[in-house]
Amino acid sequence: MKTVENTAVASIGLLTDDICDMTLHCPEIASHAKAGQFVELYPDNGVNLLARPISICAIDTGNGNIRLVFRIVGKGTELFSRLNTGDRIRVLGPCGNGFSLSEGRAVLVGGGIGVPPLIETCRQLRGDKTVVLGFRDKSNAILCDEFEALGAKVHVASDDGSIGFKGNVVELMKSENITGDMIYSCGPRIMLRFLSDYAIERGIPCQVSMEERMACGIGACVGCVVRIKDRDGWTHKKVCKDGPVFDSREVIW
Amino acid sequence: MNTKVDICGVTLKNPVMTASGTFGSGREYSEFIDLNRLGAVVVKGVADKPWPGNPAPRIAEVYGGMLNSVGLQNPGVDWFMENDIPFLRQFDTKIIVNVCGHSIEEYVNVVKKLRGADVDMLELNISCPNVSEGGMAFGTDPVMVKKVVSAVKKEADKPLIVKLSPNVTDITLTARAAEEGGADALSLINTLTGMKIDIYRRQPVLSRKIGGMSGPAVKPIALRMVYEVCRAVSLPVIGMGGISNAEDALEFIMAGASAVSIGTASFINPSAAVDTIDGIEEYMKKYNVENISDIRGIIE
């Protein structure tokens with residue numbers, strides 16, 4: 001059940017120089033949201049017309065809030081980052097299908113700004129949880145302690161070794177021989193692709209959360225497609241409506 | 001107050017439709033708005049077979065609008081007839097099927113399959129800029145326009161709207177060609193070709209490099225073309241291009257359009273079409289307009 005809500009900023013701050021942590025009061029959206037879904041934020045400045053898809057980091061149904069952690073990458077996200085507590089912003093959501101949460105040992109793998117949606121996923125998973133996070137360097141590392149507070153065993157990798165393992169998340173997983181019953185992942189496409197290979201080699205089912213440039217966010221414009229295997233070869237599926245989470249074995253990388 | 005409009009014998013409860021390719025077949029928007037409110041739903045382009053469309057990225061934002069290069073991805077006419085017509089028929093609105101093809105033969109195949117289907121009108125898409133064959137390649141040459149329109153018209157059992165491309169020097173030439181070919185109505189404009197380059201990656205944003213521009217920034221161009229076409233032909237005209245609200249819609253109606261379509265605005269506000277209908281009614285009430293047709297084409 002999707003709605004457009006005129007939300008109020010409940011709190012806002014920066015986690016790093018360019019990563020914003022914002023909580024929005026939107027009881028309707030919060031009450032329907034699931035881990036791994038996203039919302040569409042409208043700039044409403046008369047120039048940047050299209051909504052920006054932002055993954056849901058955490059859901060607080062009690063207070064009717066959702067938390068969004070996003071990188072400031074362009075005009076839209078910069079505008080959002082300059083909002084103040086109490087400011088209004090139009091939001092459509094919740095969009096897409098979230099992760100399918102299953103029993104057993106969970107492995108959560110996040111890269112860069114793909115890490116935030118794994119927070120809510122981690123919170124909702126009940127069993128044994130291993131979290132593997134990859135960042136460019138220490139100054140870009142976010143949310144590591146929050147996963148620990150949620151009872152997960154956390155491994156961190158960085159490209160330059162300034163925090164944790166030196167290398168990427170898949171190299172870390174190989175070196176630590178990390179395994180489980182289901183992988184939940186979000187991050188850059190190249191990371192998801194190598195993770196998908198790792199998952200196939202070890203026979204672990206793997207859910208990947210993808211992104212693509214969108215216009216509507218609800219499946220009407222058919223802008224945000226990825227190639228997904230089907231009976232006749234492949235078909236273009238919509239990230240916003242059929243995803244953003246796909247079975248990694250079905251994605252044509 | 002009477003908002004009804006008649007287009008080639010089909011009566012719409014109000015002059016507001018959805019532009020093809022921006023509204024699917026209405027399913028996605030039915031979560032946000034009551035489809036019963038709409039004058040008509042113009043569905044996304046339907047071909048004789050499923051089309052995969054172009055690779056991503058297909059979307060780029062530009063100043064006051066957007067570019068798309070979707071390339072008419074669609075599941076084909078058989079799927080459409082089985083799934084989307086029954087869905088839309090649950091609602092009290094008219095169904096207009098946008099027909100696309102790579103060749104005259106493919107357009108004709110779709111129209112033949114739609115014979116007897118429970119739809120109200122057909123819209124011939126000879127103006128999509130995002131396919132290499134058919135589409136705009138047909139719609140920018142008056143000789144070709146007349147040829148494809150007359151071939152399709154022969155097979156059509158419903159009123160035929162021809163959707164025109166703005167990517168021409170003089171749109172009245174293709175408009176007249178469509179009229180001579182037997183079109184029952186015209187719709188305009190399709191998107192304007194445009195481009196955007198990512199200077200940091202030193203690459204075009206769209207995988208197909210060039211796409212079609214839409215959104216509020218194109219409205220003055222669209223309005224000018226609608227005005228010109230309304231004076232050049234005697235067919236009913238459906239105006240579109242950057243219409244986001246009732247004020248925009250009323251401009252097109254005063255320029256001569258019998259009806260209007262809401263396109264990109266639905267992406268920015270899912271209830272844009274219904275808000276437009278409400279706004280037109282408010283205007284008519286406030287300014288004592290008894291019939292919407294009383295203000296149609298009042299600009300000389």
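## The largest cavity

In chain B, β6 (65–68), β14 (210–214) and β16 each supply at least two residues of the lining of the largest cavity. Helices here are DSSP runs of H or I with at least four residues, strands are E runs of at least two, and both are numbered from the N terminus. A cavity is a set of points, on a 1 Å grid over the protein atoms alone, where a 1.4 Å probe fits but cannot get out; lining residues have an atom within 4 Å of a point. This is a predicted model, in which local features need pLDDT of at least 70 and side-chain atom pairs count only at pLDDT 80 or more, while totals for chains, interfaces and linings use all residues. Residues are numbered from 1 along each chain as its sequence is written, chains are lettered from A and ligands numbered from 1 in the order in which they are written, and side-chain values use heavy atoms, without hydrogens and water.

The largest cavity has a volume of about 480 Å³, a volume being the space filled by probe spheres set on grid points joined across faces, edges and corners. Its lining has 35 residues, and nearest its centre lie B:Ser20, B:Thr22, B:Asn68, B:Asn190 and B:Thr191. By class, 15 are nonpolar, 18 polar and two charged (nonpolar: Ala, Val, Leu, Ile, Met, Phe, Trp, Tyr, Cys and Pro; charged: Asp, Glu, Lys and Arg; polar: the others, Gly among them).

## The second largest pocket

Now for an open space: a pocket is an open set with protein on both sides within 12 Å along at least five of seven lines. The second largest pocket has a volume of about 1,000 Å³. Of its 30 lining residues, A:Thr235, B:Gln73, B:Asn74, B:Pro75 and B:Trp79 are the closest to its centre.

β15 (233–238) of chain A and α1 (77–88) of chain B each supply at least two lining residues, and β15(A) gives the most, with five.

## Helix α4 of chain B

Let's follow one helix. α4(B) covers residues 142–155 and reaches 21 Å from its first C-alpha to its last, close to the 20 Å expected (1.5 Å times one less than its number of residues).

Its buried residues (under 20% relative accessible area, 1.4 Å probe, protein chains only) are B:Met144, B:Val145, B:Val148, B:Val149, B:Ala151 and B:Val152. They fall within an arc of 165° seen down the axis, so they line one face of the helix; the arc is that of the directions from the helix axis to the C-beta atoms. The face turned away carries B:Val143, B:Lys147 and B:Lys154, which are exposed (over 50%).
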